[in-house]
Amino acid sequence: MVGDFNQPIENYQCKYFLDGIDSAQITQIKNSFHRAIEAPDYKMRKWILCLPCTLSAKEFKWWSEWSGQQKKSYGIDISLFDGGYLISQLKKFEIYEKAFDDDIRLNLNAILSYLEYEKIRVCNEIIVLIDETDKDIYDDMLFVKKLENAKIELIEGCKRDFFNAELAEYTIKSKDSSQLSDLLYKLKLKIFTLWETQFRRYQDDTDGNDLLTRTYERIESFDTTTLDCPPLPEVSMFAKKGMLHQWAEDCSIGWLRNYKQKLDEYLGHAGK
């Protein structure tokens, strides 16, 4: 734990899961988080899960949905530091050279290379459809509620795109490069401006299909020109579309006129 205990602190939760996360490890992660969030002696502003491994696509689906739900429920920042990121931090702050001998550094370099390869392999998987077993993924998240409220068709494809955007962002940020993170943010801003232009023209009170379709078409049109970013090969066209739903999850965009008010009304009716 880091910070002045009189103020909300950062809580770093370390789990020595070398072989990824399954149901047993997921239970441990959830229990650790809830113990931290319910602790009587301090309040948290950020909770960081530290793992020595890198997550598979299936594992990341769970993490993306679960962490998003906790952020919404408790209003705190939640992050994942995997093995590649942690080794990079050791190098960045010169702990790497001071704390480890040559043999250990060689082993850590081999581990880092393997973890980076695994991330690239996962990002290069073409995720065309979310598995049938995952059809309920993200159902409780705000971006899905907005799609439902706007009578959007083919929501499963939107979930797929959101997942790809989340996975790309996780992979890029785990490299701990301010330059790449800045490029990612600028790309997301371009996606936002595409939505903003279409919103001025196609906003409707009850149906958002036209607005979403038009914005998707613009992303497809600009994928290899305005939206092309060679330093970020992890960001596929799926991920670029998914950035729209990341903005929607943050309540920065929507698919109906007065979308924030419409969402509140929708959630109020759904809770009755």
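This is a predicted model: local features need pLDDT of at least 70, side-chain atom pairs count only at pLDDT 80 or more; totals for chains, interfaces and linings use all residues.
Which residues does Trp 63 touch, not counting residues up to four places away in sequence?

View 1. Residues are numbered from 1 along each chain as its sequence is written, and side-chain values use heavy atoms, with hydrogens and water left out. Trp 63 touches Trp 47, Leu 49, Leu 55, Gly 68, Ile 78, Ser 79 and Leu 80 (contact: heavy atoms within 4.5 Å).

**View 2. The largest nonpolar core.** This core has 66 residues. Its members are buried Ala, Val, Leu, Ile, Met, Phe, Trp, Tyr and Cys residues joined through side-chain atoms within 4.5 Å; buried means under 20% relative accessible area with a 1.4 Å probe, protein chains only. Trp 47, Trp 63, Trp 195, Val 235, Leu 244 and Trp 255 touch the most other members.

**View 3. Helix H9, residues 209-222.** H9 has 14 residues and reaches 20 Å from its first C-alpha to its last, close to the 20 Å expected at 1.5 Å a residue (1.5 Å times one less than the number of residues). Helices are DSSP runs (H or I, at least four residues), numbered from the N terminus. The buried residues of H9 are Asn 209, Leu 211, Leu 212, Thr 215, Tyr 216 and Ile 219. They pack against helix H6 (142-149), H7, H8 and H10.

Methods. Buried means under 20% relative accessible area, exposed over 50%, partly exposed in between (1.4 Å probe, protein chains only). Helices (H or I, at least four residues) and strands (E, at least two) are DSSP runs, numbered from the N terminus.
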